[in-house]
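Subject: Structure for your files

Hello,

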Amino acid sequence: MAKNLFDFEAEFRLGIEAVDNEHARLIDMLNAVHNLISIGEKENARYFFTETLSDYVDEHFANEEKFMESFEYPQIDDHKKIHENFKKSYYELKPAIETFDETAFRRALTDVFTWILTHIGKTDRRYARYYFETQKE
Ligand SMILES: [Fe+2]
Ligand SMILES: [Fe+2]
């Protein structure tokens, strides 16, 4: 069994169960793509990256935006824009991935991983902090 590229460390937990579950699933999916490449299942890895993971990213962003709306997060517009920019660059990666170029694929995967981990650890944590501050009086 291939070793995971990353683990869902405690530092990425925001303390909001529904959000944490989705983040953990995102990390699992990224690890799954990495593992498929490691065992030579390139076509499955490509499909998983461009379809399954891509759909899940959309779903997560939509859920997260709904959640931020529910407690009237003041920085929601900036956060939405960050999501939108990420989606744009994610879709720009697709053609490179479709070519089966393993180097391009690994680079894309590392970029996505880095982005998601940084986003969860910094940008998502900001709304979580606001959420906890305003929920308690
Ligand atoms: Fe998130
Ligand atoms: Fe986010």
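The notes below cover the overall fold and then one metal site.

This is a predicted model, in which local features need pLDDT of at least 70 and side-chain atom pairs count only at pLDDT 80 or more, while totals for chains, interfaces and linings use all residues. Residues are numbered from 1 along each chain as its sequence is written, chains are lettered from A and ligands numbered from 1 in the order in which they are written, and side-chain values use heavy atoms, with hydrogens and water left out.

Fold. The protein has 4 helices and 0 strands (DSSP runs, H or I of at least four residues for helices and E of at least two for strands, numbered from the N terminus). The C-alpha trace spans about 55 × 30 × 20 Å along its principal axes. Of the 137 residues, 40% count as buried (under 20% relative accessible area, 1.4 Å probe, protein chains only).

Metal site. Ligand 1, an iron ion, is coordinated by H23 (NE2), H60 (NE2), E64 (OE) and D124 (OD) at 2.1 to 2.2 Å. Donors are N, O and S atoms within 2.8 Å of the metal (3.2 Å for Na, K and Ca); water is not among the atoms, so sites may look incomplete. Along the chain the donors are spaced H-x36-H-x3-E-x59-D. H60 and E64 sit 4 residues apart in helix α2 (residues 42-70), about one turn of the helix, and both are buried. E64 also coordinates the iron ion (ligand 2), 3.6 Å from the iron ion (ligand 1).

Regards

Definitions and conventions
Buried means under 20% relative accessible area, exposed over 50%, partly exposed in between (1.4 Å probe, protein chains only).
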